[in-house]
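Morning, everyone. Please look at the sequence and the structure on the screen while I talk.

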Amino acid sequence: MITVIFTCFNRKEKTLQCVKSLSGGNENLAFQYVIVDDNSTDGTYEALTELKNSGIRMELLRGNGSLFWAGGMRNAIGYAKENTDSDYYLLVNDDVDFMQESISKMVQTLEDWNNRYHKDTVLVGPMCDKNGLFSYGGIRYDKGIHYVEVKPEDEDRSCDSFNMNCLLIPKKVFMDIPNFDEHYVHSLADFDYGLEMKRRGVSVYVFHEYVGVCPDNDLRGGWSDTSLSRRERLKKKESVKGAPFKPWFYFLKKNFGLTQALLHGFTPFIRILIGK
């Protein structure tokens, strides 16, 4: 039994395809879902309710429209910790179209590793774009707060954290690791979650092949878009979906210490000021 956890908002077709590609593409696995819909207005909640009524095991929770990604995932994880009992937990983004048998392969690999090494391990499912090029996966810090992406073709696929597009966690690890830190509203919660695992001795590895299609987010129009004015970039940076100062500084201080927070906490402001 695998409990799939995700949050969603106003992208009905992608959300439905995510569920269908998981349940329909891994027929030897039993799935149940814990989903938080953050008050979608495009019919996502109603469409998921229809899937639930068709026989898919699902706990469908509803937010108030202001949970954003970290808040929605925190609610879903909290519910799953209290109300489910599965062999594995699969934390995903709802915009992933999963490849056939991808989760079955990940489960088999993780079971083989845990039986062989008897060590708590989680697997990151790497993503590619429609052209088969890497988009999301693991990360490894190599100097200060600088990190490199860990891809499925790399010889060393150990990592320090991850983009949480697909993360397979054994029950014991899921129950032992604390829920998302409440300081995060949208971004950084997945990086922080992975670093917390590392601190607790959990091994994190990227799976050796792509498991789903999920194109990179388009950076155009965001705070790092240098074609925008400084005023526009600053406004977007401090928005919930940008890189607001308080959670960024908190993340740095918590995971890398006060010195690194002081060194890098103001870097985005400097980039905007000098037009980088």
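This is a predicted model: local features need pLDDT of at least 70, side-chain atom pairs count only at pLDDT 80 or more; totals for chains, interfaces and linings use all residues.

Residues are numbered from 1 along each chain as its sequence is written, and side-chain values use heavy atoms, with hydrogens and water left out.

First, the overall picture. The chain has ten helices and 14 strands. Those are DSSP runs, numbered from the N terminus: helices are H or I with at least four residues, strands are E with at least two.

How does the radius of gyration compare with that of a compact globule? For 276 residues, the globule rule gives a value near 19 Å; the chain has 19 Å, so the two agree. The radius is taken over C-alpha atoms, and the rule is 2.2 Å times the number of residues to the power 0.38. Along the principal axes, the C-alpha atoms fill a box of roughly 55 × 45 × 40 Å.

Now burial. Of the 276 residues, 50% are buried. Buried means under 20% relative accessible area, exposed means over 50%, and partly exposed is in between, with a 1.4 Å probe and protein chains only.

Next, contacts, meaning heavy atoms within 4.5 Å. Take those between residues at least 6 apart in sequence: 75% of them join residues at least 24 apart.

On to helix α1, residues 12-25. Its 14 residues should span 20 Å at 1.5 Å a residue; the end C-alpha atoms are 19 Å apart, which agrees. The expected span is 1.5 Å times one less than the number of residues. Which residues of α1 are buried? They are Thr15, Leu16, Cys18, Val19, Ser21, Leu22 and Gly25. These pack against several elements, including β1 (2-8), β2 (31-37), α2 (44-53) and α4 (102-117).

Helix α3 has 16 residues. From first C-alpha to last it reaches 22 Å, close to the 22 Å expected. Trp69, Met73, Arg74 and Ile77 are among its buried residues. Their cover includes β1, β2, β4, α5 (171-176) and α6.

Stay in α3 for Phe68. Its phi is near 55°, a positive value in a residue other than glycine. Is Phe68 buried or partly exposed? Its relative accessibility is 29%, so Phe68 counts as partly exposed.

Glu101 is not a glycine either, and has a positive phi of about 65°. Glu101 sits in the loop between β5 and α4. At 30% relative accessibility, Glu101 counts as partly exposed.

Buried here are Pro247, Trp248, Phe249, Phe251, Leu252 and Asn255. What covers them includes β9 (138-143), α6 (189-199), α9 (258-264) and α10 (267-274). After α8 comes Gly257, with a positive phi near 100°.

One last stop: Gly43, in the loop between β2 and α2. Gly43 is partly exposed, with a relative accessible area of 21%. How far is Gly43 from Asp176 in space? They are 35 Å apart, C-alpha to C-alpha, and 133 residues apart in sequence.
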